[in-house]
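Please keep the structure open while reading.

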Amino acid sequence: MIKMFSPKQNCWFIRKVVMWRAVASIAWSVLLLPVTTAVFVLLSRFRLFHPIQWISECIHLLTASSTIFSLVLLCGVVLITGLFNLEFYTLVPSIPCSRMALLGTVLHPRQCVHSLVYCSMGMLMMWCASVTIGGRYSTLGIPCRQSESGEVVACLNEYHLFLLLAGAFMGYSHSFLGVVQNMYYVSFQPIQQYKYPRFKGCLSMVVKCSVIQSLYSARNFAALYFFFGYVPKTWISSTLHLQIDSSVQPLDSLTGLLDFSLLYHLSISGSFLYFTWYLTVLLFRIYVTEAYSFPVQSTFTEDAEQCLPKVLPWTNSLVMKFLALQDLALLSQHSLSRRLEVFSLSQPGGHPHNWNAISGECLSLLSELTQRLVAHQDAVASNGRVKSQSASSDTRSASSSSSVVSGTEDITESPRLSVPLRTPGSVFRSSVGGVHSALTAPFTPDLDSPFSSPAIRRLVGQQEPRSPWFGTVQSPHVMRRGPKLWSASTESQSNSSPPASPATVPSPPAADQKPSFLAQWLQNRREQVKSFLAKRVLIVFLFNKLPEASSQALFADSQAHIWALQGLSHLVAASFSEDQFGVVQTTLPSILSCLVVLLEAVDRHFKLPHASSKPGRTICSMGDSTYKTLRFALRAALKTAIYKITTSFGEHLNAVNISTEHRKRLQQFLEFKE
């Protein structure tokens, strides 16, 4: 059992790095808000044939008190959006395996609160936009004259109501697409860039996505208002005692919606709304995924816990682990001085502690992925049926014997492999402020949800005893049989030795006991209900598994494995000329065997249905879909890692003590036949 580090040791990275990055992203979003507001004012008051009057009106409007008050409200909206980004973002995407699981995620109470808050923020931003536009959109109530008596009364301004309801609709659309398109998934860029070049390169994409999403939302809301617009209009007019002006064309009609000025202002306001939210998302992603350099070794004892060999095995802070693996991949390629620190020996003692910790963690991650793939392949091969106990024991004995032959017994038998990569619920779990505080919230989905994905529960290590993920087999199709508490000992009976205690008396097997009539009747009725529901088209549509979901869920956290492959392979290749003490040579057989075994498991996985099919291209959206191609990136990184080692060592690999099968596979890489 691994001893978890204390909150005092864990919070240093959150307090010194992550929180400051989140604050910086929110601050830049607030600083850019006046610029985006000025652009919105210019577009909303646009007059092609009166440019001087247009510019003078915009300047006067930007200095008005109403605009300044709207900017204050928009700053509050940006602040809430930044806090929601910190609360809901994750480094491992939640991939629902069926449409019912996706529906359960959308209807989860936590997501419903999120949608309600975004609806409120959308209405608030649309109110600011309508006040800024002015004219017929400025207020909810306007004076009008009744046709019968000629008396001036307060009437409902449907144009203002139309924009407010559109803001609520766009807020819910943003919250809904955040779940469907995995907008809260933060991915790391394969090519490192500074913050400003990356922001400048992504700015055009943000503008394009904002305009496209605004047009889609305007179209959908116009159609929705055409059929159901009279409901909120009647309710608000009766609640606020506002009359409906019969002389004005209602907007829930075809002629009312075919208003170019109304649709233009709706699209411009929606683009401003989405751009404000998307810009906050983009800045948050840029700041959080910025590379962080961990020291390899420290002179002072109090800073030892912040060094790379100590940080890599920690699983309670996923963002720190990902950044540590990214730093390992970067130092292995671009930093000679830091590589020499990895290959150095401890003083006094002369032990390669740095290399042992780094290589051990990388091999642990790769071995865990191998076990996950093998369990999934066994489940698919057995078609969901549980293997017999003898077959599973034979498989375990065969795997253990092969690992001894290949020299990887220290990897496969390590107790650390029973603890998977904790993603994403372990992030900030032990930070200050409690589990549900603002410091512990980021990157942490709701694990107590009945609709949460089993892949997420498996990744965070939260397993139930009756779950298919319980134990070492991590496949949703294979159920682990629990160990038998007692077994009949024929040897003790032959020796006529009495039982040690009454508790050791064997009970009759469950198969010999005939089930009762009630249990048999309930079982038959359950099977009849299952067969009836299996024939319903809607039930099959909701509960059928999505084609690529299981394959994507297996490789959801593969970015960590890609960095482990890159860091390990480049360090091993560099050790051929830089390792003065030969610390890498002791673990080279284990590394080669681990890579070859993982390559065989990946090759077998790509032979499964839908595993090798690439996802289709989607429309422009801020949802990050790079997780859909992580399995292809992992396979390429794995082959590149093996090629990196074989080209560096060449024929010297023939002297490494590995099994014959692994040597034959490596020979194909030496001959460039892979």
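Which side chains meet in a salt bridge at 3.6 Å, N to O? They are those of Lys 233 and Glu 158.

## Basis

The model is predicted: local features need pLDDT of at least 70, side-chain atom pairs count only at pLDDT 80 or more, and totals for chains, interfaces and linings use all residues. Residues are numbered from 1 along each chain as its sequence is written, and side-chain values use heavy atoms, with hydrogens and water left out.

## Lys 233 and Glu 158

A salt bridge here is a side-chain nitrogen of Lys or Arg within 4 Å of a carboxyl oxygen of Asp or Glu. The structure holds 16 of them. The pair of Lys 233 and Glu 158 links distant parts of the chain. Lys 233 sits in helix α8 (residues 230-239) and Glu 158 in helix α6 (residues 158-180), 75 residues apart. Helices are DSSP runs (H or I, at least four residues), numbered from the N terminus.

Both partners are buried (under 20% relative accessible area, 1.4 Å probe, protein chains only). Lys 233 has a relative accessible area of 8%. Glu 158 is at 11%.

## Arg 372 and its two partners

Glu 368 and Arg 372 form a salt bridge at 2.8 Å, N to O. They are four residues apart in helix α14 (residues 353-381), so about one helical turn separates them. Glu 368 is buried at 4%. Arg 372 is buried too, at 0%.

Arg 372 also forms a salt bridge with Asp 557, with the closest N and O atoms 3.0 Å apart. Asp 557 lies in the loop between α21 (549-554) and α22 (558-578), so the pair ties together parts 185 residues apart in sequence. At 1% relative accessibility, Asp 557 is buried.

Elsewhere, salt bridges that share partners join Arg 45, Arg 47 and Glu 57 into one network.

## Packing of α12 and α13

Helix α12 (residues 318-334) packs with helix α13 (residues 336-343) at an angle of about 110°. Their axes, lines fitted to C-alpha atoms over the stretch in contact, are 7 Å apart. Angles run from 0 to 180 degrees between N-to-C directions. The two helices are therefore roughly perpendicular (65 to 115 degrees).

Contact means heavy atoms within 4.5 Å. From α12, Asp 327, Leu 331, Ser 332, Gln 333 and His 334 take part. They meet Leu 336, Arg 338, Arg 339 and Val 342 of α13. The contact residues divide into three nonpolar, three polar and three charged.

Technical notes: Buried < 20%, exposed > 50% of the residue type's maximum accessible area, 1.4 Å probe, protein only. Parallel < 35°, antiparallel > 145°, perpendicular 65-115°, else oblique. Nonpolar A, V, L, I, M, F, W, Y, C, P; charged D, E, K, R; others polar.
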